[in-house]
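Please open the model in a viewer and keep the sequence panel at hand. The stops below say what to select next and what is found there.

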Amino acid sequence: DRCVFSDENGALINGDRTMGIWAAWHGAPSIVGTVMSNMGFEKSLEELGIGFERTNVGDKYVARRMDEIGAKVGGEQSGHIIFSELTPTGDGLLTAIQMLRVLRLSGCAASELPPVFENWPQLLVNIGISDREAWNGASSLQDFVAAKQDDLDGGRVVVRPSGTQPMIRVMVESKDRERRDRVTDEIVSRVVSELGGEIHGRVDLTNALGD
């Protein structure tokens with residue numbers, strides 16, 4: 001149900017950029033992504049005059065919002081992309097065909113297709129926890145996280161219980177890598193202190209597939 005690419009230089013083209021390429025070529029007015037889509041991607045869409053909306057992680061949320069606003073394309077960094085006029089869910093083979101069609105008709109190298117942008121530094125930390133729903137009732141912790149977002153100079157913090165594993169996922173994004181890392185450490189330390197658990201992974205998502 002997913003498909004990602006590399007350009008002729010070996011650089012990753014993940015779901016964000018695939019959606020952007022398709023929307024720019026077809027003149028689509030809007031894209032639906034998720035809270036994990038990179039801010040560099042969103043800013044590049046603004047420059048192209050393409051609207052962008054975020055949903056929770058999960059194709060059901062993306063599909064629902066696409067239906068509500070009439071978006072023709074939506075999906076996730078991981079390459080799970082929905083073309084609403086062609087299929088109700090993600091289809092990796094269809095995604096490959098759509099990308100190849102744009103390449104063929106444009107005559108461009110993959111690296112030249114808009115939007116061309118630099119991802120903002122993005123970091124994900126997974127915290128193993130016995131009760132992943134504890135986050136939802138931790139109001140003081142949520143206030144602390146909201147305040148930390150102000151330290152990111154336009155960046156973002158996303159803290160969410162995993163939908164499939166006993167984990168809380170902390171994603172922090174900022175144009176400043178050092179600031180990103182500092183805020184991440186402060187949030188993770190506070191989450192572990194208040195909710196318990198232990199770190200199960202720290203992944204730099206800046207130029208990765210996403211989660």
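Begin with the open sheet of four strands, whose order is β8-β9-β7-β10 and whose pairing is antiparallel. Strands (E, at least two residues) and helices (H or I, at least four residues) are DSSP runs numbered from the N terminus, and two strands pair if DSSP finds at least two bridges between them. This is a predicted model, in which local features need pLDDT of at least 70 and side-chain atom pairs count only at pLDDT 80 or more, while totals for chains, interfaces and linings use all residues. Residues are numbered from 1 along each chain as its sequence is written, and side-chain values use heavy atoms, with hydrogens and water left out.

Axes here are lines fitted to C-alpha atoms, for helices over the stretch in contact, and angles run from 0 to 180 degrees between N-to-C directions.

Next, select β7 (residues 122-128) and β9 (residues 167-173), which pair in the antiparallel sense over seven bridges. Within this pair, I127 stands opposite I168 in β9.

**Helices α5 and α6**

Now select α5 (residues 139-149) and α6 (residues 177-195); their axes come within 11 Å and cross at roughly 180°. The two helices are therefore roughly antiparallel (angles under 35 degrees count as roughly parallel, over 145 as roughly antiparallel, 65 to 115 as roughly perpendicular and the rest as oblique). Display the side chains of S140, L141, F144, V145 and K148 in α5 with V183, E186, I187, R190, V191, E194 and L195 in α6, which make the contact (heavy atoms within 4.5 Å). By class, this contact has seven nonpolar, one polar and four charged residues. Ala, Val, Leu, Ile, Met, Phe, Trp, Tyr, Cys and Pro count as nonpolar, Asp, Glu, Lys and Arg as charged, and the others, Gly among them, as polar.

**Two loop positions**

In the loop between α5 and β8, select D153. Phi of D153 is near 50°, a positive value in a residue other than glycine. Then move to P115, in the loop between α4 and β7. The peptide bond from P114 to P115 is cis, with omega near 5°.

**Helix α1 and its partners**

Select α1 (residues 15-26) and α4 (residues 92-106), whose axes come within 10 Å and cross at roughly 50°. That angle makes α1 oblique to α4. The contact is made by T18, I21, W22, W25 and H26 of α1 and T95, Q98, M99, R101, V102, L105 and S106 of α4. It has six nonpolar, five polar and one charged residues.

**The parallel pair**

Finally, select β3 (residues 30-34) and β4 (residues 51-55), which pair in the parallel sense over five bridges. The chain crosses from β3 through α2 (residues 39-48) to β4, and this β-α-β crossover is right-handed: with the strands pointing away from the viewer, the path from the first strand over the helix to the second runs clockwise.
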